[in-house]
Amino acid sequence: MKIEQRSSIKVAEDTQQRRQQSTRGAAASVRLLLAITLLCMLPQTDTRAASLPTGFAETQIAGGIASPTAMAFAPDGRLFVCLQGGQVRVIKNGALLATPFLTVSVDSAGERGLLGIAFDPNFVSNGFVYIYYTTATSPKHNRVSRFIASGDTAVAGSESIILDLDNLTGATNHNGGAMHFGNDGNLYIAVGENATPSNAQTLANLLGKMLRINADGSIPTDNPFYTTAVGKNRAIWTLGLRNPFTFSVQPGTDRIFINDVGQSAWEEINDGTPGANFGWPTCEGSCSNPSFSNPIYQYPNDGSTCAITGGTFYNPSVTQFPADYVGAYFFADFCGGWIRQLDRATNAVTDFATGISAPVDLQVSADGSLYYLARGNGGGVYRIVYTASQAPSITTQPANRTVSVGQTATFIVSASGTAPLSYQWQQNGVDISGANAATYTTPPTSDADNGAQFRVVVSNSSGTATSNSATLTITANQPPVGTIVAPAAGTLYSAGETISFSGTATDPEDGTLPASAFTWQVDFFGGAESRPFLPPTSGSRSGSFTPATQLAYTAADAFYRIILRVTDAQGQTHTSFRDVQPRTSTITLQTSPPGLQVTLDGQPRPAPSATLGVVGVIRAIGAVSPQMVDGTTYEFESWSDGGAATHEIATPASDTTYTATFRVVGGTLPSGWSTQDIGSVGFTGTTAYADGTWMIEGSGADIWNTSDAFRYAYRALGGDGQLIARVASVENTDPWAKAGVMIRESLAADAPHAMIVVTPENGIAFQRRTATGESSGHSSGLHVTAPYWVKLVRTGNTLAGYQSIDGVDWNLVGSVTINMASDVYIGLAVTAHNNAALSTATFDNVAFTPGASTAGGATFVRADTTTQGNWRGAYGAQGYQVIGDATSLPSYSQVTPAGNLFWTWTASTDEARALQNAAGTDRVAATWYSDSSFTVDINITDGQTHQIALYCLDWDDLERAQSVEVLDAATGAVLDSRSITAFTGGQYLVWNVSGQVRLRVTRTGGRNAVVSGLFFDAP
């Protein structure tokens, strides 16, 4: 899961927890979410029941299961529970068996240990049980082993190693561990990336993946990477995962949902399909890269949530829940303490259960009950059933208590049922006056109370329920007294500074207690919540811990509580604690000039901004750049501490001011461009331009329906043309805010228009209004967010909108016929979809091309100057053809040289700069040249976009210089112009085009205009 744990155990620091910059560019990528480690036992506090929908009730099946990690139902109905320390416990006929099924030696540091269990599909006949655990011997690694069951225990010595995973680093987190057999009979295994994000994107190891193997450990030959990976890595089924702690196979289908624990932004439910790549660490949550599979559902880490730790489909053999639950997917969050229901038909999510203490696994039994495994309150298994009754039900029974004479005893019950619930405690069957709560504490006890029985009657308007009786035992033994000696009262801490603790303990009967009587625990308190930091650790009078430097909770009221529990020989205990408060200082963020915007931990702050924090805690400060204030655009120059625009700082020991200096950039718009608000807007918009980047602020209710309200930066367009732009960002937004490119007949609010836009949460849309005052329509594109490319093309009365992830490969979103006048407006449009707000969008790579057409002429997509190399090396073997060997030209290409042109084809030269023949090692000199200028007409006949390349080589070292232009063959419009000099080493010029283009090569210096090769992509 995701915690920065530092303790006397010296868990290695996870140095690779920072999320890679996502395609959203969120500054929050530098923050680490403080989550509750899955592998720390929570202190026992209370046993409050979960809150459930009406008609549902829960019961605790078993308690006192220390540090559970996973559970699974055997085909015969027994429930097997994994404990992190290496035991497998069995719950049979509703009771936890005293003898473990299995005990293995494990490394349980951090998030390691016994983490997963699965049953062979033929378990009834072969007794095979599979477990996933971290080996105790070096080199440490996770292992899948098979054991043979004999009744309620495993056969001694029956372990067969099925798969040894890659060796682990010093980082003890991100191990995954879930295992299930699929409906295909194969074993699926979830593996974390061991806190090394790059593991998730390589086929060279098994980490950060879902694996698929046969039951005997062999690898299915139909695995998606069987032919591209080697050895055991052929087991990889999906990749790009961070820590898939749990997953679920839907009964009766091939559907597998993978629950991937995020870092600092999103928790994911991913639809497992062969070969899928879920994007980590490039993306956390959804992103616009088409190479990655986006989650089917994601929810944010908002401080109250931290890790998706359970998931199961509701498809039991016997349906107990109402029909609308069938096929639903239940999932749980460890810190949120809830279970939610995902409706796969609508993707709607609803609350199901709340108030659970640290859930880690969910399973559905054959009888249709929902079970959850929780680490809180000492660890336990709970069953949720549908009763259709609103009467009370006892979910956790009161426990027996043993106290000394004169002490009090506390009994606790939990119950479910329609509120309000009333409670009446009884002693020996007699009501206790005033004992009307879920908790009852006795007066100071005497010997006469020994053996007394306590129970409670819970009532509501629908009925009553009576708990089991708990026995009070009075002992003459007096409890011990423990004292925390260090740290001294009033000690302060700084993050990253080691805190040592020690204590003493005495007992009236036993005297000074030995080290074995001591149990230490450290909890982290942030705001209203406490979270375990150092798990209960016994056997020492002293220890140490190091407060985390990287936290999600960064407020100054964060402190650590050191808890000492001592136990005497008769089992009596005494608990004491000492709080260690933080050293604090104030971080002030300022700007020059004043009043600009900065960020702290990715969140925008107006400068000056003062924040009190804990000394040593890592914070991320950022300067928003560019930003626009009152029509003026500012660009970041420097921070006073010399850091980058966004960088980390350790909260200093004394109050410190960090100043971000900006400079004014931009000014006038490019020639021919204008800007104004269209329609009725709540706030006046602004437009700024600097160094190729546009920043536009727009208010307005929307660009939609019969009238529009938005900000428009535009220029005149006469006839055909196109506008390309990359929408780099959209901020301060409504989910339906829009930023994109538009062609509009007039500047009236109800004018006909077409536009292709990017929205913050609703993807790409191609919108249009075909006649003045008519209602708008739209076509949906990909569900992506900025940054993303859009293009709008006018060809006569046809307007077409395109989308692209890279500005190279374009996909049509929609087109429409609108009878417009020849002279219209083309430009960039922004609306907030909220007339009481301003939305800010930035655009770059804005390219306006008048006369561009997709009919008969050319569509110019992109130029590339980065490609270098020889014929074979530039594009990879035989993918491209050279003119002069006309028999091998692609079928879709027609090439016609023209002008005062001479060309030669010299075979078998050894000139190193000449072209290398794709069929061998010989080199050939293929040269077109002219005294001054020549052209080559190219017609792409299949209607698709293709890559063409010119190879220019000044092969006789005559210091040539020349220009190369790409023209629309139909109109003569210049689509791209390049100047090249000093190309004795050869230079490639590359374009993506469709239709008919003309290449014009003109000498500008030296002798002749020359081209040594023309290449096409593979047919």
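I began with Q767 and listed what it touches, leaving out residues up to four places away in sequence: I703, W704, K738, H753, A754, M755, V757, G777 and H778, where I took contact to mean heavy atoms within 4.5 Å. I noted that this is a predicted model, in which local features need pLDDT of at least 70 and side-chain atom pairs count only at pLDDT 80 or more, while totals for chains, interfaces and linings use all residues. Residues are numbered from 1 along each chain as its sequence is written, and side-chain values use heavy atoms, with hydrogens and water left out.

**Q767, continued.** I placed Q767 in strand 64, residues 764-769; strands here are DSSP runs of E with at least two residues, helices are runs of H or I with at least four, and both are numbered from the N terminus. Is Q767 buried or exposed? I found it buried, because its relative accessible area is 1%, and the cut-offs are under 20% for buried, over 50% for exposed and partly exposed in between, with a 1.4 Å probe and protein chains only. I then looked for polar partners of the Q767 side chain and found a polar contact with the side chain of K738 at 2.6 Å, as well as the backbone oxygen of I703 at 2.8 Å from one of its polar atoms. A polar contact is a pair of N or O atoms within 3.5 Å; within protein, one must be able to donate a hydrogen and the other to accept it, and residues adjacent in sequence count only if both atoms are side-chain atoms.

**The chain as a whole.** I recorded two helices and 82 strands for the protein chain, and 54% of its 1019 residues count as buried. Among contacts with a separation of 6 or more, 65% are between residues 24 or more positions apart.

**Strand 18.** I asked why strand 18 (residues 266-272) counts as largely enclosed by the rest of the structure. Six of its seven residues are buried, so the rest of the structure largely encloses it. Strand 17 (residues 256-260) runs antiparallel to strand 18 and is joined to it by five bridges, where two strands pair if DSSP finds at least two bridges between them. The link from strand 17 to strand 18 is a hairpin through five residues, and I saw F257 standing opposite D271 in strand 18. Strand 18 also pairs with strand 19 (residues 297-300), antiparallel and over four bridges, with E267 opposite Y299.

I traced an open sheet with antiparallel pairing and the strand order 56-57-70-61-66-67-68. Its edge strands are strand 56 (686-690) and strand 68 (811-817), each of which pairs on one side only. From one strand to the next the twist averages 25°, with axes as lines fitted to C-alpha atoms and angles between N-to-C directions running from 0 to 180 degrees.

**V974.** Lastly I looked up V974, which lies in strand 79 (residues 974-981) and counts as partly exposed because its relative accessibility is 43%. Leaving out residues up to four places away in sequence, V974 touches E965, V966, L967 and R1000. I also noted L999, 25 residues from V974 along the chain, with 9.9 Å between their C-alpha atoms.
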